[in-house]
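Reader: I am new to this structure. Could you take me through it in short steps?

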Amino acid sequence: MATNGSLNRKLRMALVGGGLGAFIGRVHVTAAVLDNRASLVAGAFSSSPEKSKASAPDYDVPLTRAYGSVDEMLAKERALPADQRIDFVTVATPNHTHFPIAKAALEAGFNVVCDKPLTFDLAQAEQLHELVKKSGAVFAVTHNYTGYPLVRQARQMIQSGELGEIQAVRAFYIQGWLRSRLESEGQKQAAWRTDPAKSGSAGCFGDIATHAYNLARYMTGLLPDRVSANLKVFEPGRALDDYGHAVIRFQGGALGTVTASQISHGRENDLFIEIDGTKGALSWRQEEPNVMVVRRNGHPHALYTRDPNAPHMNDLGRAACRLPSGHPEAFFEAFANIYRCAYDDMARRAAGESFSQFDTVYPNVADGVDGMNFIQQCVASSAQDGAWLSLAHPAQRR
Ligand code: NAI
């Protein structure tokens, strides 16, 4: 068994969300146990207490620890002996519920893994940032694309200057599943995502542009300065944007664009990024995540494969690989890399060792604040006909 360092035991996980018919909760659990360093022992799997209980057998969680609500779960878990109670809570519920759940979990003393966007609005995100500091807890945000080995490879290549000065970044995330008004046909993932009371001030921009923006920030380390955005509702009757683009000026002079769509026929999860530096350029696409193209004028285009044994791989990229090259690694493994690195810190915390809450390989609460700031400023800019607004925020890190 993987020992989690000096902790010498598995970590104990509770899941919120992921009930029958839900999407991402199941992915979290699969990823969380992939390295045999944690077990799912408890959950409040649904907003319906009956559905929460009914979901427990799917996860092999005993009915006694399948709770009817988050409050009940936190109170009962806190009352358990230290060698039984959970170590962390994963929040995989619709956006408007992230803040109260994460806040309560932190106040109960637990670490948190929270899905994106971090909260309903920026003010909640800033409050959570303060709470995390105060609590001393580990807080990871599943901007899961940062877990791909070649994304981490690119981050280190850029940090070490291999591409020279970064001058331009183009990122997009293009989907087509909301081309029709699925929300009016009772499709639950569509229903809450297009409801301003549950999704937040943005639709498509909060759901997926925020991933593309986060990826650009993670890979380049560029700090943003200003943004001008245009968000649009193309599907008649929809309450939130289903398409949009943002133009970004970074501090130091680099330029960026983020485009997101949920109405492009036939497009699935086409998250793409291309970065131009003075010494080289690279591009990566999440639908083919095991290759990255690196280009230098006068040289043949290089295909960097995800190959832990290849000389082109750097430490950060190699450490994120599990399999030899040619055996595809993808969504689950990348998700699991967020967990794996967060576990290192959870184990340190549990063993009373020091760790950084904000200088982490995985996205943390500060990156969640950055994402919420991006959403808020894009919505505000769009409402002012694309006015240039500040995109800098004190919580941002490279
Ligand atoms: P979903 O609608 O499929 O599932 C939500 C689940 O949360 C349901 O089981 C629902 O009953 C439960 N729930 C709602 N309120 C609850 C409460 N108060 N207590 C306990 N359970 C509650 O939604 P989906 O697609 O799984 O999205 C959930 C979150 O994950 C969203 O914030 C979304 O933005 C994010 N997400 C992230 C992805 C990623 O790649 N990182 C991909 C998909 C979603």
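This is a predicted model: local features need pLDDT of at least 70, side-chain atom pairs count only at pLDDT 80 or more; totals for chains, interfaces and linings use all residues.

Reader: Which residue brings a polar side-chain atom to 3.0 Å from an oxygen atom of the ligand?

Author: Phe23 has a backbone N or O atom 2.9 Å from a ligand oxygen, so to speak of a side chain we must look elsewhere. The side-chain atom at 3.0 Å belongs to Trp192.

Reader: What share of the ligand's accessible area does the protein cover?

Author: There are 29 residues around the ligand, with Ile24, Asn95, Lys116, Asn144 and Gln189 the closest. On its own, the ligand has 850 Å² of accessible area. The protein covers 91%.

Reader: Which strands stand at the edges of the sheet?

Author: The open sheet has 5 strands, paired in parallel, in the order S2-S1-S3-S4-S5. An edge strand has a single partner, so one of its sides lacks a neighbour in the sheet. The edge strands are S2 (38–44) and S5 (139–141).

Reader: Which residue of S3 is the bridge partner of Leu15?

Author: Strand S1 (residues 11–17) runs parallel to S3 (residues 88–92), and 5 bridges join them. In S3, the partner of Leu15 is Thr90.

Reader: What angle does the direction of helix H1 make with that of S1?

Author: Helix H1 (residues 24–32) packs on the sheet. Helix H1 touches S1, S2, S3 and strand S4 (111–114). Its direction and that of S1 make an angle of about 170 degrees.

Notes: Residues are numbered from 1 along each chain as its sequence is written. Side-chain values use heavy atoms; hydrogens and water are left out. Two strands pair if DSSP finds at least two bridges between them. Helices (H or I, at least four residues) and strands (E, at least two) are DSSP runs, numbered from the N terminus. Contact means heavy atoms within 4.5 Å. Axes are lines fitted to C-alpha atoms, for helices over the stretch in contact, and angles run from 0 to 180 degrees between N-to-C directions. A residue is near a molecule or strand if one of its heavy atoms lies within 4 Å of it. A polar contact is a pair of N or O atoms within 3.5 Å; within protein, one must be able to donate a hydrogen and the other to accept it, and residues adjacent in sequence count only if both atoms are side-chain atoms. Accessible areas come from the Shrake-Rupley method with a 1.4 Å probe; for residues, only the protein chains shown count as cover.
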